[in-house]
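Grab a pencil and work through these exercises with the model open beside you. Each one sets a task, and a step-by-step solution follows.

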Amino acid sequence: MTALPETKYGIDYMPTDVPGPKARALVGRDSHVMAPMGRVYPLVIEHAAGCEVWDVDGHRYLDVNAGIAVLAAGHCHPRLVEVGQAQLTRFTHMAGTDFYNEPMIKAAEKLVSLMPGGAGWQVFFSNSGTEAVEASIKLARYVTGRQNIIAFYGAFHGRSYGSLSLTASKPRQRKGCFPLVPGSFHAFYPNPYRPPLGSDPERVAETCLSFIEQTLFATTCPPEEVAAIVIESIQGEGGYIVPAPGFMRSLRELCDRHGILLICDEVQSGVGRTGKMWGFEHEGIVPDIVASAKGLGGGLPIGAMIARTELASKWQPGSHGNTYGGNGLTCAVTHELLCMVEEELIDNAAHVGLHLLGRLEELQLRFPQLGCVRGRGLMIGVEFIDPTSGDPDHDLAEAVMIEAFRKGLLVLTCGPSTVRFCPPLTLTIEQADEAAERFALAIEACVAR
Ligand code: PLP
């Protein structure tokens with residue numbers, strides 16, 4: 001484990017005081033595992049249930065990270081366990097792009113029923129969000145015959161070459177990987193808290209849209225050669241940023257004017273997380289292609305590209321495929337998960353999310369270091385700042401994340417200085433209160449240093 005330097009808050013980024021002897025021993029044996037991401041803190045999970053995790057030494061943690069916004073129904077939900085166990089004894093895999101199987105068909109039917117209009121869409125199953133984005137890029141190029149794709153600064157769409165060429169949240173994600181895919185352009189995400197291009201805070205949406213039309217289209221990127229614009233309906237890894245009102249609608253209109261496809265990357269914000277099935281529903285728009293993953297599998301690896309049928313039907317046999325997509329086990333669990341999302345999880349995310357947002361906003365009154373609390377449903381970000389300058393305080397966000405771990409709360413940072421809350425969508429009001437209280441203790445400990 002490489003120790004990083006002490007921060008101004010006096011916390012070693014990679015503490016060596018692993019919670020207990022069993023965890024310490026396992027961390028010590030980790031050297032055969034490649035860790036190109038580095039590890040954030042030494043959590044060694046033993047078992048978990050709902051929103052709670054226990055480590056190998058028996059310490060309990062409240063999990064408001066859910067394995068990076070994945071466990072939509074919480075850990076080991078009995079409904080998913082039952083369906084998964086039954087499917088494991090029936091069959092697991094039969095190459096869904098070559099053959100048919102009922103779990104895959106049912107998962108696709110359910111997913112389409114949860115799309116706008118409930119019909120007129122087709123699903124391509126992949127194994128991850130990255131692959132769902134790759135499939136989206138390929139389909140957009142294939143059907144439009146155009147090469148270029150526009151994404152946004154701050155975006156995260158994956159780390160394979162196509163998706164990495166759109167990812168633009170941290171230079172270290174691209175360092176050493178150039179050249180990337182030609183024809184990838186970036187525009188400014190309409191961040192209302194930190195308006196790009198010196199924009200008037202009231203005109204963030206207009207400023208960001210006009211950059212695409214007046215700068216990109218007018219100088220480097222002819223609109224008639226743009227296949228698609230790819231956008232997250234809430235920017236995830238970039239800092240849990242909710243776009244300025246009206247931007248997505250104007251973007252939809254701009255795409256329509258120029259025959260450009262609109263791809264919504266709902267990998268982090270979809271499947272009920274924001275209190276609606278898809279984040280774009282808050283914006284009153286309908287995209288042409290949607291990329292989904294994370295919450296979709298309830299913890300099993302699955303992704304999906306969902307495209308309008310008139311686009312998807314243009315693909316010829318052999319245009320795209322994979323080995324594991326449509327896997328019987330993952331699709332059976334996904335179908336059950338989607339039923340739960342529809343029956344209860346969307347409403348719970350909206351209800352408990354509003355409560356948690358309120359509890360975190362209250363903390364702003366106590367701690368001026370909390371520059372902005374924002375989000376929708378159970379996708380909430382708390383941006384840490386230096387209260388004197390208003391600049392992002394990266395060190396404080398990292399310190400609070402690690403201190404929260406020591407206080408039994410699992411969170412993760414994103415963007416330059418944001419701590420994200422993306423718990424299971426089963427989170428209760430009591431658990432939301434517990435999360436806010438433990439978070440406050442962590443902040444208190446860090447700012448007192
Ligand atoms: N798109 C978004 C918005 C994401 O947040 C992520 C992962 O964090 C991805 C794509 C890539 O998904 P995966 O890690 O499943 O490949």
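**Exercise 1.** Work out the order of the four strands in the open sheet, and find which strands stand at its edges.

*Solution.* Start with the order: the open sheet runs β11-β12-β15-β14, with antiparallel pairing. Strands here are DSSP E runs of at least two residues, helices are H or I runs of at least four, and both are numbered from the N terminus. Two strands pair if DSSP finds at least two bridges between them.

Next, the edges: β11 (370-376) and β14 (412-414) each have a single partner strand, so one side of each has no neighbour in the sheet. On average, neighbouring strands are turned by 30 degrees against each other, ignoring direction.

Now zoom in on one pair: six bridges join β11 to the antiparallel β12 (residues 379-384). Within that pair, L370 sits opposite F384.

A word on the ground rules: this is a predicted model, where local features need pLDDT of at least 70 and side-chain atom pairs pLDDT 80 or more, while totals for chains, interfaces and linings use all residues. Residues are numbered from 1 along each chain as its sequence is written, and side-chain values use heavy atoms, leaving out hydrogens and water.

**Exercise 2.** Is T334 buried or exposed, and what does its side chain reach?

*Solution.* Check its accessibility: at 0%, T334 counts as buried (under 20% relative accessible area with a 1.4 Å probe, protein chains only; exposed is over 50%, partly exposed in between). Then follow the side chain: one of its polar atoms lies 3.1 Å from the backbone oxygen of L296. Finally, list the contacts: beyond four places in sequence, T334 meets A107, L296, G297 and I302.

Notes
Polar contact = N/O pair within 3.5 Å; in protein donor to acceptor, adjacent residues only side chain to side chain. Contact = heavy atoms within 4.5 Å. Axes fitted to C-alpha atoms, helices over the stretch in contact; angles between N-to-C directions.
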